[in-house]
Amino acid sequence: MASPLFLPTLNPESVRELLLTLAVACLLFCPAVLLHGAESAGTAIKVDQVGYPQDGPKVVLVGVEAETFEIRRSDDNTVAFRGQLSPPQADPDSGDRVQAADFSRLRKPGTYYVEVPGAGRSWNFAVGKDIFAHTYYLAMRGFYGQRCGTAVDLGPEFPGYFHPICHQHGEFHPSSGAQGTRDNLGGWHDAGDYGRYVVNSGIATGTLLWTWEIFAKKIRDISLKIPESGNGTPDILNEARWNLEWMLKMQDADGGVWHKQTSEHFPGFVSPEEDTLPSQVIGAGTTPYKSTCATADLAAVAAIAARVYQPFDAKFAAQALEASKRAWAWAEQHPEVLFKNPAGVSTGEYGDANCKDERLWAAAELWRTTGEAAYNDFFVKEYAAFLPSLDSPPAENWSQVAPMGLWSYALGKRHGSDKKAIEAIRARTVAAARAVVERTRANPYRTSMTAKDYVWGSNGVAASYGVYLLMANALHKDREFVEAARDNLHYLLGRNTFSLSWVTQVGEHAYLHPHHRPSGDGKHALPWPGLLSGGPNAGRQDDVLKALAADLPPAKIYADQLASYASNEIAINWQASLVFLLAGQLR
Ligand SMILES: [Zn+2]
């Protein structure tokens, strides 16, 4: 951190920036200092605990009936802004009545809180130029913390967040059609458990590579302080490669890709290095043993990799392209080999009844990368059936990747691309995004969420709305798309019914007990930082949620408890959507 001793050499603008940086750093790193001021803060006022860009809309929500509000400076409690609250609005999804405190006209960078007579004060937050940069950094470091087959150390910034090398020994499960031991290093632990899954890796890694392709200028210079930092390759690509190399290892000699590599059942709540269950490559059980969805997902992601790594490591890019083409060919020969857990295996299944959307995505990415007609032909023949998927945002998830294929085709703009297809994809995405903007504005909590969206991983749904809106913006620039995407980020960072930040160690009131083995191993007072919770889930698939009151509205069905895997697990797919959403909000 810069020393205040340097202040006299800086111009007033720089001084303001530096003070803001210090204030934000303090907000993130010295909550004890601020606790005095924040001790009366409660959950009645719902604020993005990271903050608001100085030149955008700034809205806080108040859950207690009142008429006026004040924005006060955190350092000396003086009033920076006074305003009237909007009339109360009932929110059926949470059962709350909320009023909006709009202070968009306050543009001066600083650290503030909201004071509402009768409701108390809010958590501290920042107004500034590039306030989400540090959260982006932490969210990306979240992936580093999930690395398997290596020692991980978050360094002096987070002392004690360390684990020695884990899962060094791998072998083939009988269901894979192969046998013996195998090189087991690489990949990310998928979620709260230590399994590695090609299908969920597909959308997560693909989303990170797209984050680079679409927002390169914003993130190029952000160091993630990972072992590869400074090697000449942008750090987001360094981190994505860690998983990509494992995905490539999951490809068999015939081009097909095994579905997953996990133990037969989930391990106990132990540190990664303490999990001694055999890590096994698990296949479909009968010939051809690999699965179509996993194979097509690899084809898609490796085709993106062939583009984005080209300037930094041409040899790796060529290797990825070759793997992608072989995977494509395998999936053409085996278009519908579905995966079900073989007998005796109970880890995540990631089953999917239809792999055509995965093949569509692969075709679009291969066409975009190579310009070879066969991929374009497949896409043009098949895309129309998938256009309706764009009409129901957020549309994409690990089992539904058609939007990824459609958007990539439209963004690729290759000579020979089908203009009618591109126009249809663009028009439908923009129309659906406009509807989402309207809905988000009308929603009392200013999110794009609807009652049906409070499912397993609902915070990932909120982040995916952000992805959808930012993709619409990539196809057709519109400031309102970016702002509505940001509204969903505000929801995740504290502007929600719980007044809770759903990213670990981000904000003064962040959730504490993720279903995440490295955080729940009893060795850490706070969870590993930067990780997005799954969020409220009306499906109530775990005992903690089942025990909650029967009449709770969907947005309230959440428990910050380690045992609530259905509402409080972390996962690389929704973590990647969060990263994309954050990157889109950087300057
Ligand atoms: Zn591991």
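**Stop 1: helix 13**

Select helix 13: 12 of its 14 residues are buried (under 20% relative accessible area, with exposed over 50% and partly exposed in between, using a 1.4 Å probe and protein chains only), so the rest of the structure largely encloses this helix. Helices here are DSSP runs of H or I with at least four residues, strands are runs of E with at least two, and both are numbered from the N terminus. Before going further, note that this is a predicted model, in which local features need pLDDT of at least 70 and side-chain atom pairs count only at pLDDT 80 or more, while totals for chains, interfaces and linings use all residues. Residues are numbered from 1 along each chain as its sequence is written, and side-chain values use heavy atoms, with hydrogens and water left out.

Helix 13 covers residues 479–492. Its buried residues include Phe481, Arg486, Asp487, His490 and Tyr491. What do the buried residues of helix 13 pack against? Show strand 2 (51–53), helix 11 (419–442), helix 12 (458–475) and helix 16 (572–583) to see these partners. The end C-alpha atoms of helix 13 are 20 Å apart, which agrees with the 20 Å its 14 residues should span at 1.5 Å a residue; the expected span is 1.5 Å times one less than the number of residues.

**Stop 2: helix 6**

Now pick residues 292–308, which form helix 6. Here 17 of its 17 residues are buried.

**Stop 3: the zinc ion**

Centre on the zinc ion and show Cys148 (SG), Cys166 (SG), His167 (ND1) and His189 (NE2), its protein donors at 2.0 to 2.3 Å. Donors are N, O and S atoms within 2.8 Å of the metal (3.2 Å for Na, K and Ca); water is not among the atoms, so sites may look incomplete. Why is the arrangement tetrahedral? The 4 donor atoms subtend angles of 101 to 119 degrees around the zinc ion, and four donors count as tetrahedral if all angles lie between 85 and 135 degrees.

Along the chain, the donors follow the spacing C-x17-C-H-x21-H. Cys148, in the loop between helix 3 (133–145) and strand 11 (152–153), and His189, in the loop between strand 14 (181–183) and strand 15 (196–197), link distant parts of the chain, 41 residues apart. Cys148 is buried at a relative accessible area of 0%, and His189 is buried too, at 1%.

**Stop 4: two strand pairings**

Select strand 4 (residues 68–73) and strand 5 (residues 79–84), which pair in the antiparallel sense over 5 bridges; pairing requires that DSSP finds at least two bridges. Arg72 stands opposite Val79 in strand 5. The two strands form a hairpin with 5 residues between them, and Asn77 in the turn has a positive phi of about 65 degrees.

Next, show the open sheet of 5 strands with the order 14-13-17-16-15 and mixed pairing. Its edge strands, strand 14 and strand 15, each pair on one side only. Inside the sheet, strand 16 (residues 260–262) and strand 17 (residues 279–282) are antiparallel over 3 bridges, with Lys260 opposite Ile282.

**Stop 5: Ile425**

Finish at Ile425 and look for Phe379, Leu387, Leu390, Leu406, Trp407, Tyr409 and Ala410, its contacts (heavy atoms within 4.5 Å) beyond four places in sequence.

Key: Tetrahedral: all angles 85-135°; square planar, octahedral: opposite > 155°, others 65-115°.
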